[in-house]
Amino acid sequence: MSLKSKVPDIGATPSASIIISRYLREAIVSGDLPENEPVRQEQIAQMFNVSKIPVREALKTLEAEGLVVFYRNRGAVVASISEPELAQMFEVRILLESSIMRLSVPNMTAQNFKKIAAACDRFIMEDDASRWAELNWELHLAMYESANRPFMINMIKSIHDKLERYLRVQLTVADGLIQADKEHRKILEACKNGDTEGAAELITNHIAGVCQDLYSHLPGFGNFELPNAKTEGRQ
């Protein structure tokens, strides 16, 4: 068969389920869809003028990411994170990210330092609060990729995804953005100096500080301090 007209690249076009999952993910992360809010499949299908099949596919994707939960007789509901669960996520972040930092620092080159510095600049110069968590992840990824541990990075990314809605809150309170920038640049300096243990300690304190900020400013959460972490200078 020979066709002279240009055939559209359907493979390059996101499927309906991908588009819907992106929309719902942003709505959940931004708080437009709050915790424990039902996600009505019929309503979403009508909004996008599609059947319920791609909507359910999108919700299954979000379920795998920990953003929605399916209940019998209730359908899909925006997932909530309890105080103990939140604490455990930050504990796992500390374990994984301090470990991967120890693996990454010895392999860093001048190019890595340049990439991390550029990510720091993009992060602090961004005025759109909806992009802060995304840029924060790009920065952390730049610090960890020299470890050559893709499986470990994927584990860390999955936790960041689950915490994104909370990180947006943290970055808008207690001078969170400015504080994060200061801490990121201290970590970068330790990396440049080849101070592996110093960088690991700084990333530990950085993550613990984020957790402390959240516990101080989120309604219903009490004071919390992760073990083996120093968070002096935070309010």
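User: At roughly what angle do the axes of helix α1 and helix α3 cross, and within what distance do they come?

Analyst: Two packed helices are described by the angle between their axes and the distance between the axes. In this predicted model, local features need pLDDT of at least 70 and side-chain atom pairs count only at pLDDT 80 or more, while totals for chains, interfaces and linings use all residues. Residues are numbered from 1 along each chain as its sequence is written, and side-chain values use heavy atoms, with hydrogens and water left out. Helices (DSSP runs of H or I, at least four residues) and strands (E, at least two) are numbered from the N terminus. The axes of α1 (residues 16-30) and α3 (residues 52-64) cross at roughly 50° and come within 8 Å. Axes are lines fitted to C-alpha atoms, for helices over the stretch in contact, and angles run from 0 to 180 degrees between N-to-C directions.

User: Which residues of α1 and α3 meet?

Analyst: Contact means heavy atoms within 4.5 Å. On the α1 side, the residues include Ala-16, Ile-20, Leu-24 and Ile-28; on the α3 side, they include Pro-54, Val-55, Ala-58 and Leu-62.

User: Which residues touch the most other members of the largest nonpolar core?

Analyst: A nonpolar core is a set of buried Ala, Val, Leu, Ile, Met, Phe, Trp, Tyr and Cys residues joined through side-chain atoms within 4.5 Å. Buried means under 20% relative accessible area, exposed over 50%, and partly exposed in between (1.4 Å probe, protein chains only). The largest core has 47 residues, and those touching the most other members are Phe-90, Met-101, Ile-116, Met-143, Tyr-144, Leu-163 and Cys-191. Helices α4 (83-104), α5 (110-125), α6 (132-144), α7 (150-172), α8 (176-192) and α9 (196-217) each supply at least two residues of this core. A second, separate core of 16 residues includes Val-39, Val-55, Leu-62 and Val-78.

User: What is the phi of Asn-49, and what is the phi of Asn-148?

Analyst: Most residues other than glycine have a negative phi, and most peptide bonds are trans. Phi of Asn-49 is near 55°, a positive value, and Asn-148 has a positive phi of about 55°. Asn-49 lies in the loop between α2 (41-48) and α3, whereas Asn-148 lies in the loop between α6 and α7. Asn-49 is exposed, with a relative accessible area of 71%; Asn-148 is exposed as well, at 55%.

User: Where is Tyr-71 placed?

Analyst: Tyr-71 belongs to strand β1 (residues 68-71) and counts as partly exposed, at 42% relative accessibility.
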